[in-house]
Amino acid sequence: VKDNRPVNLEITDWLPLPAVVSILTRASGVFLFIGAALFLYALDRSLAGPESFAALKATLSSPLSKLVIWALVAGLIYHAAAGVKHLVADFGYGESLEGGVLGARATVAVSVVLILIAGLMIW
């Protein structure tokens with residue numbers, strides 16, 4: 001009996017790149033929704049008074065805080081890049097299979113470059 005299950009568990013072998021980009025777009029949206037609570041808390045602390053602002057500034061200068069900020073900014077960049085891809089598709093460009101793959105590649109490439117630039121700016 002021949003076993004038809006996939007041998008290689010590489011996600012791109014059984015899930016095309018546009019599908020992976022779509023799933024990651026939804027995941028980044030959920031991540032940003034949760035991260036908005038952190039941003040709102042930081043805004044509240046920054047406006048509570050000079051002492052609270054100084055404490056928040058000291059907290060946000062730690063490497064762990066910078067990593068969290070970079071992750072949230074990365075999610076925002078990726079989500080925005082995928083949103084631009086969808087806007088372009090709404091105008092009728094990239095609706096074919098080849099266009100979908102090209103748009104997914106462009107989303108990933110632009111996101112990686114902008115996330116690395118953001119990381120350099122944050123660190």
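Which residues in H5 are buried? In H5, the buried residues (under 20% relative accessible area, with exposed over 50% and partly exposed in between, for a 1.4 Å probe and protein chains only) are Gly99, Gly100, Gly103, Ala104, Thr107, Ser111, Ile115, Ala118 and Gly119.

## Basis of the model

This is a predicted model, in which local features need pLDDT of at least 70 and side-chain atom pairs count only at pLDDT 80 or more, while totals for chains, interfaces and linings use all residues. Residues are numbered from 1 along each chain as its sequence is written, and side-chain values use heavy atoms, with hydrogens and water left out.

Helices are DSSP runs of H or I with at least four residues, numbered from the N terminus.

Helix H5 covers residues 97-122. Its 26 residues reach 37 Å from the first C-alpha to the last, close to the 38 Å expected at 1.5 Å a residue; the expected span is 1.5 Å times one less than the number of residues. The cover over the buried residues of H5 includes H2 and H4, where contact means heavy atoms within 4.5 Å.

Helix H4 comprises residues 63-90. The 28 residues of H4 should span 40 Å at 1.5 Å a residue, and the end C-alpha atoms are 40 Å apart, which agrees. Buried positions in H4 are Ser65, Leu72, Ala74, Gly75, Ile77, Tyr78, Ala81 and Ala82, and the buried residues of this helix pack against H2, H3 and H5. Just after H4, Gly92 adopts a positive phi of about 95 degrees.

## Packing of H2 against H4

H2 and H4 pack at an angle of about 135 degrees, with their axes 9 Å apart. Axes are lines fitted to C-alpha atoms, for helices over the stretch in contact, and angles run from 0 to 180 degrees between N-to-C directions. That angle makes H2 oblique to H4; angles under 35 degrees count as roughly parallel, over 145 as roughly antiparallel, 65 to 115 as roughly perpendicular and the rest as oblique. The crossing of H2 and H4 is left-handed, a term for a near helix turned anticlockwise from the far one by less than a right angle.

From H2, the contact is made by Val21, Leu24, Thr25, Ser28, Gly29, Phe31, Leu32, Gly35, Leu38 and Phe39. The H4 side consists of Val68, Ala71, Leu72, Gly75, Leu76, Tyr78, His79, Ala82 and Lys85.

Thr25 lies in helix H2 and is buried, with a relative accessible area of 11%. Not counting residues up to four places away in sequence, Thr25 touches Tyr78, His79 and Ala82.

Ser28 is also found in H2 and counts as buried at 8% relative accessibility. Leaving aside neighbours within four places in sequence, Ser28 is in contact with Gly75, Tyr78 and His79.

## Packing of H2 against H3

Helix H2 (residues 17-47) and helix H3 (residues 50-60) pack at an angle of about 135 degrees, their axes lying 6 Å apart. H2 is therefore oblique to H3. Here Ala42, Arg45 and Ser46 of H2 meet Ser52, Phe53 and Leu56 of H3.

## Val101 in H5

Val101 is found in helix H5 and is partly exposed, with a relative accessible area of 23%. Not counting residues up to four places away in sequence, Val101 touches Leu17 and Pro18. The C-alpha atoms of Val101 and Val21 are separated by 9.7 Å, although these residues are 80 residues apart along the chain.

Notes: Helices (H or I, at least four residues) and strands (E, at least two) are DSSP runs, numbered from the N terminus.
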